[in-house]
Amino acid sequence: MRRRSRLVRRLLVVEVVTVLATVLIAAGVSGVGTASLVEADATARMVGLARTVAASPGVAPAVATRDSAALEPAAEAVRLGADASFVTIMTPDGTRLTHPDRTLIGLPYQGTFLPAARGETVVETFPGTLGPSVRAIVPITAGPGAPVVGMVAVGLLRVDVAGRVLRELAVLALGAVAAIGIGVGLAVVAARRVRRDTLGLEPAEITALHRHHEAVLHAMREGLLVLDERDRLAVVNDEAARLLGVDPAAGLTGRTLGELGVDPALAARLADPSPIGDETVLVGERLLLLNRTRADDDGSGHRAWVVTLRDRTEVEQVMRALDDARSVAGALRFQAHEHANHLQAVSTLIELGAHDDARDLAVRWSRERSLLGQDLREAVADPALAALVLDKATDARDRGIALRIAPGTAFPAPTGDADASDDHLTVVGNLLDNALDAALDVALEGDGRGVVELDLSAGDDALVIRVADDGPGLPDPDAAFAAGWSTKSGTTAAGVRGLGLALVARVVARRGGTVRVGPGLAHDDGPGRGTAFVVTLPRAPGSTGSAVSRAEGEAVADTAHGHHQAGDAQA
């Protein structure tokens, strides 16, 4: 709700005073200039009129013969026709031959006339018999070079000049009043516009609001963007700059997302003018929750888009971990009964006195459970990666899928690269998840299918990760790495589908590697030929392919032993 504002009142007063002062000064200067122009014009007109009378035919002979009767009608006709106050023709000694007041004819002329008697033109303001007047006196000669035979004086009373000045100033005053009215009207309109734009707030309140806005904007842990109607950034906070991977000090406002080099997937999604609500978008290697709504700009008709970005990467990781924990818990409950059966069989053999058979049965089951852990301790030097593979193997066995470690697998622990282990986990984990899902589709057919093979190898310059399955295969390998693309519908407990391979592709691209898609573990050449993903990652400078150290081997053994115990419980 708008309210009265001292700022608006001050601006209105300043604008009105400025308009009045400007118009009055301009009017005063114009008035002085107009008065001078009117007087100059009157003087020039009197000089021209006097010269015209002096050059008129018959004037010089009549002056030479002192013929007042002949000169007076002509002089009076000129005075009336030219709107002059007087036309006086005189002899060289200043005796009047004509005058509007006939009683003054024959009397001496009052004013300066001697220069005119010598052939000069005289212009002056003089208080004559009719009153103060502007007058011009010119000589009368019979021809060029002839002696002066008389003079003619033409004048205009100052009262008449002042009247003309007043008429001109009246017109000027009307213009000044109109200018003042227009200026004051525009000042009122401008004051109302300022009050509308500022909502009646005072300068201190506007400053405080701006500071609070900036503090809140940059303290938010949610990315905020405001895009104008040309899709240019109007507002961007620090969290949004971080999520988009741009420098907040690089002058972001006024530029488009494309100019800033933002992830093309996000720029393309925001190019769609429809509103967006809680949509998951993969930006780089971050999973963001995107919202966009349209907002009016203070009712002026200009449109703006308000975009919010929330980082869901860590939440997604927690959800996946929770999903894995739920799967393990379910498997533990499922296999508790199976372990009970195993223990019952061993107990029965003991009761029957078949102690050797009971021992052999328990050792055989234990050996079968420990084979995968032993293989991983020898093949994978990264404890986290070994634990991940063991988890996936347990999950695969519970789902009726065979996860095989390819012969010759050897994967060293990463050295000299703090992010390498996390990247290996991302690549291997997502590839195994997709391969297990694909193998599950054919495992239920009961023909020995449902196999996933993992092959990890290390060369001098690169690490190679190969995950193959005998599932139905990919209908479109080129589109498989696009965010949101999936052969399955719906969502998982961890979130939307279609993000695993997209993350793999982005990790591989960031590390400068390659990923290839080819045929997998096919049983025949038909449609169910399976899929194989081969990822090649350049090795960090200074890393080596040495065997697992003793300490690392013990750590892997401890980790594998823990997972092995979980696997026993599930078996």
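**A helix crossing**

Guide: Let us begin with a pair of helices: α12 and α13 cross in the left-handed sense. Left-handed means that the near helix is turned anticlockwise from the far one by less than a right angle, while clockwise would be right-handed. Do keep in mind that this is a predicted model, where local features need pLDDT of at least 70, side-chain atom pairs count only at pLDDT 80 or more, and totals for chains, interfaces and linings use all residues. Residues are numbered from 1 along each chain as its sequence is written, and side-chain values use heavy atoms, leaving out hydrogens and water.

Visitor: At what angle do the axes of α12 and α13 cross?

Guide: Axes are lines fitted to C-alpha atoms, for helices over the stretch in contact, and angles run from 0 to 180 degrees between N-to-C directions. Here α12 (residues 420-443) and α13 (residues 500-510) cross at roughly 145°, with axes that come within 9 Å. Helices (H or I, at least four residues) and strands (E, at least two) are DSSP runs, numbered from the N terminus.

Visitor: Which residues make the contact?

Guide: Contact means heavy atoms within 4.5 Å. Among those involved are Val427 and Leu431 of α12, and Leu503 and Val507 of α13.

Visitor: In what order do the strands of the open sheet lie?

Guide: Two strands pair if DSSP finds at least two bridges between them. This four-stranded open sheet runs β1-β4-β3-β2, with antiparallel pairing. Its edges are β1 (86-90) and β2 (122-128), each pairing on one side only. Neighbouring strands are turned by 30° against each other on average, direction ignored.

Visitor: How many bridges join β2 and β3?

Guide: Seven bridges link β2 to β3 (residues 131-141), in the antiparallel sense. For one partner pair, look at Val122, bridged to Ile137 in β3.

Visitor: Which strands does helix α1 touch?

Guide: Helix α1 (residues 6-54) packs on the sheet and touches β1, β2, β3 and β4 (148-157), with its direction at about 35° to that of β3. Helix α5 (residues 158-198) also packs there, touching β2, β3 and β4, and its direction makes about 45° with β4.

Visitor: Is Arg66 buried, partly exposed or exposed?

Guide: Buried means under 20% relative accessible area, exposed over 50%, and partly exposed in between (1.4 Å probe, protein chains only). At 44%, Arg66 is partly exposed. Arg66 sits in the loop between α2 (59-64) and α3 (68-82), and its phi is positive, near 55°. Most residues other than glycine have a negative phi.
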